[in-house]
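Subject: Handover of a structure and its findings

Dear colleague,

Please find below the structure that I am handing over to you. I would be grateful if you read the notes that follow with the model open beside them.

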Amino acid sequence: MHGTVDGFSYGLVTPVAAFIMACLGGALGLRCTARSLRTERSFKAAWLALGATSIGSGIWTMHFIAMMGFSVHEAPLGYDRGITFASLAVAIVMVGIGIFIVGYRGATPMALVTGGTITGLGVATMHYLGMAGIRTNGEFEYNTVVVSISVVIAVVAATAALWAAVSVHGFLASLVASLVMGVAVSGMHYTGMAALSVRLHGASGVAAGGETPAALLAPMLIGPVAFLIIAGVVVMFDPLVVMGKPDWEKRPPRAIPLPRHRPSFPERTSWAASEPPREGSASPHDW
């Protein structure tokens, strides 16, 4: 017997909040990735690590904010904390691998495809591992075709976002890239949720008692949300991260013509007129 799945228990509140968190994490991560390309090699790894953790925390937070609105009418839900936080670690590590490839290899086609694929698979793995951490009186079943579509969305979106991070500079372009990534991550999430059905164990009934998904998940979100706030403060104190490369650095300096030096020679003056002849020396008129 199949349960009744509801992914919008709070209406548009959870989808909108989840989208904002996906955009925030994406914006911070992509700007940190772009910043790493214009810094000394000793600081490159630090910027890339900050970017990977920001994107991983952003998509993980987005997923579980959206899951606050998820419910199965006939059965209560619980979450395994170990698997839930393991999905966060997987997201950060796999996104980090993809970002480091692009950060050190640059915007070459091979680096973008490889990094985007790994990053997109990290987003998808985080989603389905997080779903595996749900505990309920039933089993989750997925439509294989729809799951495949959700993975393709994640990979294409991640590749496009990484390309934008390393190829397009400026605040407006970064904002557009962050919005695209937020739409893609949210789209991947709800596409994956559309593939879900729940087969209940035993007779169906109305779920009663227990904590709501929001009450269960809210405490687990405190850490990642706090990290995103701290990362945002770091970005705010580095104008190059927010605005990209300044315009005066993009333009080559205007060539200033060097002054033309003319050789100068001492004026020819009469030695006889400037100095009286010494005693015993011949006068010019005697030559």
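To compare helices, axes are taken as lines fitted to C-alpha atoms, for helices over the stretch in contact, and angles run from 0 to 180 degrees between N-to-C directions. Helices (H or I, at least four residues) and strands (E, at least two) are DSSP runs, numbered from the N terminus. This is a predicted model, in which local features need pLDDT of at least 70 and side-chain atom pairs count only at pLDDT 80 or more, while totals for chains, interfaces and linings use all residues. Residues are numbered from 1 along each chain as its sequence is written, and side-chain values use heavy atoms, with hydrogens and water left out.

Helix packing

Helix α3 (residues 81–105) packs with α4 at an angle of about 175°, and their axes are 8 Å apart.

For α5 and α6, the axes come within 8 Å and cross at roughly 170°, so α5 is roughly antiparallel to α6. Contact (heavy atoms within 4.5 Å) is made here by residues including I149, I153 and A157 of α5 and M181, A184 and M188 of α6. The contact of α5 with α6 has twelve nonpolar, three polar and no charged residues.

On a 1 Å grid over the protein atoms alone, a cavity is a set of points where a 1.4 Å probe fits but cannot get out; a pocket is an open set with protein on both sides within 12 Å along at least five of seven lines, and lining residues have an atom within 4 Å of a point. Grid points are joined across faces, edges and corners, and a volume is the space filled by probe spheres set on the points.

How many cavities of 30 Å³ or more are there? The count comes to two. The largest cavity has a volume of about 50 Å³. Its ten lining residues include R31, A164, A165, S174 and A177, which lie nearest its centre. α6 gives the most to the lining of the largest cavity, with four residues.

The second largest cavity has a volume of about 40 Å³. Among its lining residues are G120, V123, A154, M181 and M188. Two or more residues of this lining come from each of α4 (109–132), α5 and α6. By class, the lining of the second largest cavity has eight nonpolar, one polar and no charged residues.

The largest pocket holds about 270 Å³ of space. Of the 14 residues that line this pocket, A27, L28, R31, F171 and S178 lie nearest its centre. α1 (13–36), α6 (171–194) and α7 (213–236) each supply at least two residues of the lining. The lining of the largest pocket has ten nonpolar, three polar and one charged residues.

Confidence

The mean pLDDT (the predictor's confidence in each residue, from 0 to 100) of the protein chain is 81, and 78% of its residues reach 70 or more. Over residues 246–255 the pLDDT is below 50, and this stretch has two contacts in the model beyond near neighbours in sequence. Where pLDDT is low, the predicted coordinates should not be read in detail.

Yours sincerely

Note on methods: Ala, Val, Leu, Ile, Met, Phe, Trp, Tyr, Cys and Pro count as nonpolar, Asp, Glu, Lys and Arg as charged, and the others, Gly among them, as polar. Angles under 35 degrees count as roughly parallel, over 145 as roughly antiparallel, 65 to 115 as roughly perpendicular and the rest as oblique.
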